[in-house]
Amino acid sequence: MPELKPILLVEDNPKDVELTLAALEQSQLANEVIVVRDGAEALDFLYRRGAHGSRNTADPAVVLLDLKLPKVDGLEVLAQVKADPGMRHMPVVMLTSSREESDLVRSYELGVNAFVVKPVGFREFFDAIQDLGVFWGILNEPPPGNGRTSAR
Amino acid sequence: MNVRTTGQGIDLTACDREPIHIPGSIQPYGLLLAMSPEERILTYVSANAAPAFGLDRGALLGRPIREALPRLEALLGPDLGRADAPSGPGFARTVSLDTAAGPRRFDAVVHRSERATILELEECVPGEEATLDTLYPGMRRFVERLQAAATTDDLCRLVAQDVRAITGFDRVLVYRFDAQWNGNVVAEDRNDALPSYLGLRFPASDIPAQARELYRRNRLRIVPDANYVPVPIEALGPEPLDLSDAVLRSVSPVHLEYMRNMGTMASMSVSILRDGVLWGLISCHNKEPRRVPLQVRNACDFLAQIFSMQLDARERAARAEDRMRLGSVQARLLGYMAAEDVFIDGLVKHPGELMELAGAQGAAIVSDDYCLRFGRTPDEAQVKDLFAWLSRHHREDVFVTDALPAHHPAAAAYAARASGLVAIAISKVHRSYVLWFRPEAVQTVEWGGDPRKPARREAGAERLHPRNSFEVWKETVRGRSEPWSPGEIDAVKELRNAIVGIVLRRAEELASLADELRRSNRELEAFSYSVSHDLRAPFRHIVGYAELLKKQEMERLSERGRRYVDVIIESAYTAGTLVDNLLNFSHMGRTALKPRRVETRTLVDEVRQRLALDTADRRIVWTIGDLPPVHADPVMLRLVFENLLSNAVKYTRPREEAVIEIGSYREDGSTVFFVRDNGVGFDMAYVGKLFGVFQRLHRMEDFEGTGIGLANVRRIVERHGGRTWAEGAVDRGATFFFALPDSEGAS
């Protein structure tokens, strides 16, 4: 049984953070959930710099990335991750309140792994988050040799 | 001594090449002596000079005038030596000389030519003493009358009358050149000795170019007797003497023949110049030979010059008046155009003024889409052909010609209606023109008298007969119209500018509307984007927190508390769904359709199966008819069926057994689909509201939904170029129809 890698949640809205955490909690996932509050912090975490310069956790199994973020927005984070050969295999799921088609198109162009419009209904929202967590946190088999701190 | 006679053997057929300024002879009513400017040695003398003074032939040539004719030298010496002697003929003085026939009076004229000082002596007409004193009252009267004359026509009539009064010729004509040097008799004064030529036209070839040049240089000519015998000029050297400025210059034998053919034995003409250009002639004729004294002729020249100045003033005034008149026509046309939605209608409804603007007899407005004709025009096919030709070869703003067939040979077929054309291009983008037509000039001759009246006296020389000349004139002006005046051309140019101004203004208005639309679209997009983010999220949060509350605090809540939480969840959920639907609806209008072949039957089956999941506990009988594939946007078409089928399922809920039928039929190049149910139906009185946004025909608690589904259906179908409608009755079910046209041009 490989070590469980954490789930990185990038979300600025505290209510969405709480609801998402509640949903993930209910799914009984054992993965650690790391919350960062904007795109800049997300990049700091991923590149182990700034406040996250000395993190000793593994790279995340999946990044749940809100599209609309302060400072550096979700699309920019996505673009950097997918442009980096060392990181582009990391699954990124775009979460958004927006139903704008242009955002969807742009995200797929940048290589997003999934795009989820947060449903209004709680059940649907919970289902979506839990499905994502289970799929990317447990079921998804990462490419061999991926990740700098992959510890099997 | 080498004596020669020059200028013999003239070719009568080659008028244009005839060297008429060096005829080598003079008319016999005077004497000519030419001498070197300094020594005054006689270098040319007319053959009649020596005999006139009772001298031997050859007694003059080569001798100084001082020795040969001392008396003459004494009288005219100062005039001959003047350094500022005019280059044109100038009357010097009247002198009395002893001749072989006794003492005689002569009018002396002195002028300079290239190689000699020329002295012409014209014997005074016996009994006709003409001095400035005797001429002055008549001239003064003339000037006064001229100033009172209102129009150019009046002026011409007056000058004809007065010149005849002073000179006593049988007939005086005012003859005017057109742009191609054809002549037109515009005024006449005469007695019954000679017929009228008023209104007659003559071809340019009647007065060849070099003759016109002489008319310009030497404004006055007289031929007292068409049957005269020319007097040769004897010369010291081989060079001929240039007689361009000479009063006595012998005229072309062709001209004399012309005179004899016209039945005029004497003629005089005075040139009318305007700004140094030959405008016309005052042409005098007499049935019998007649000589008019030099002083009288000079008076006529003076009259002609005053006339020319008056003409200038009158024509300036007429031009100004014309411009004013055309300006008011133009103002009216602009007013008409401004009052119409489609500005062209302003012209179409007032063709009279449209034609008046250019002084045209026909007009047309023509583009790729229409061809409207007014007045005398070529037929429609011809106008369209002209339009095609113009748009290929004459894209310039204004095209003007008074000889259309010369530019466009096909126009020869309708030269009678349109030899003159003015065309203005009124749009750069869409080819369209306003055209004005003028008929062939031959048809617009205004006959001042019967052109057949001048009788043909001599059968031999048909070419020069006036009547014949008229025929020749007709030949030379075929395919030509009256020229367009500068005022008329300016007027149509201004009309064009105004039209283009209107068109541009309209285009700018449209552009600003489009800008406005783009701006409001952008705003709408920004709005829906923010709605999407900022409105959905709070609803989601309300629902989420309420659910958490319900889950975690269930035991501590009262029954009523739990119901309250349920209502909160339900309301927020409904509001959130409404926002989703609204966004869908707005997307529907904005996103591009991607039409392709859709297997309708498969699509309907999928939609039905998805619905079946929610209706497993109900008895629903589905009847699926023939559903042909169509050309449509598959995602949108799925939405249509989803809405219609879920409606059918929803509104049959009270039925123990729901019957839902889906089918199609062909009608007018469309495929019509319908969804029929046996549900609660609706009142046909409200059928018009059915497809509106947020129109609900049922109470909220009876049937859930946001009331936007059918609006979506209509919007999608309309964007495919189709239409929607419905039939129903309360408690008797409903049928919803939508028709999709076969064309693949869904937008």
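**Reading the packing of two helices**

Modeller: In this predicted model, helix H17 (residues 634-651) of chain B packs with helix H18 (residues 709-719) of chain B at an angle of about 145°, and their axes are 9 Å apart.

Colleague: What describes two packed helices in general?

Modeller: Two packed helices are described by the angle between their axes together with the distance between those axes. Here the crossing of H17(B) and H18(B) is left-handed. On the H17(B) side the contact is made by B:Met636, B:Leu639, B:Val640, B:Asn643, B:Leu644 and B:Asn647, and on the H18(B) side by B:Gly709, B:Leu710, B:Asn712, B:Val713, B:Ile716 and B:Val717.

Colleague: How many nonpolar, polar and charged residues does the contact of H17(B) with H18(B) have?

Modeller: The contact of H17(B) with H18(B) has eight nonpolar residues, four polar residues and no charged ones.

Colleague: How should I think about which way the residues of a helix point?

Modeller: An α-helix has 3.6 residues a turn, so residues three or four places apart point the same way. Helix H16 (residues 600-614) of chain B is a case to look at: its buried residues are B:Thr600, B:Leu603, B:Val604, B:Asp605, B:Val607 and B:Leu611. These buried residues of H16(B) pack against strand S20 (596-598), strand S22 (630-632), H17, strand S23 (657-667) and strand S24 (670-677) of chain B.

Colleague: What span should the 15 residues of H16(B) have, and how far apart are its end C-alpha atoms?

Modeller: At 1.5 Å a residue the 15 residues of H16(B) should span 21 Å, and the end C-alpha atoms are 22 Å apart, which agrees.

Colleague: Let us turn to sheets; how do side chains lie along a regular strand?

Modeller: In a regular strand the side chains alternate between the two faces of the sheet. In chain A, five strands form an open sheet in the order S2-S1-S3-S4-S5, with parallel pairing. Strand S2 (33-36) and strand S5 (114-117) of chain A stand at the edges with a single partner strand each, so one side of each is left without a neighbour in the sheet. From one strand to the next, the twist averages 20°.

Colleague: Which helix packs on that sheet, and which strands does the helix touch?

Modeller: Helix H1 (residues 14-26) of chain A packs on the sheet and touches strand S1 (7-10) and S2 of chain A, its direction making about 175° with that of S2(A). Within the sheet, strand S3 (residues 62-66) and strand S4 (residues 92-96) of chain A pair in the parallel sense over four bridges, and A:Leu65 has A:Met94 in S4(A) as its bridge partner. Along chain A as a whole, the elements run β-α-β-α-β-α-β-α-β-α from the N terminus on, and they come to five helices and five strands.

Colleague: In which sense do the strands around S23(B) run, parallel or antiparallel?

Modeller: S23(B) takes part in pairings of both kinds. Strand S21 (residues 619-624) of chain B is joined to S23(B) by six bridges and runs parallel to it, with B:Arg619 standing opposite B:Glu657 in S23(B). S23(B) and S24(B), by contrast, run antiparallel and are joined by eight bridges, and B:Ile660 has B:Asp677 in S24(B) as its bridge partner.

Methods: Residues are numbered from 1 along each chain as its sequence is written. Chains are lettered from A and ligands numbered from 1 in the order in which they are written. This is a predicted model: local features need pLDDT of at least 70, side-chain atom pairs count only at pLDDT 80 or more; totals for chains, interfaces and linings use all residues. Side-chain values use heavy atoms; hydrogens and water are left out. Axes are lines fitted to C-alpha atoms, for helices over the stretch in contact, and angles run from 0 to 180 degrees between N-to-C directions. A crossing is left-handed if the near helix is turned anticlockwise from the far one by less than a right angle, and right-handed if clockwise. Contact means heavy atoms within 4.5 Å. Ala, Val, Leu, Ile, Met, Phe, Trp, Tyr, Cys and Pro count as nonpolar, Asp, Glu, Lys and Arg as charged, and the others, Gly among them, as polar. Two strands pair if DSSP finds at least two bridges between them. The expected span of a helix is 1.5 Å times one less than its number of residues. Buried means under 20% relative accessible area, exposed over 50%, partly exposed in between (1.4 Å probe, protein chains only).
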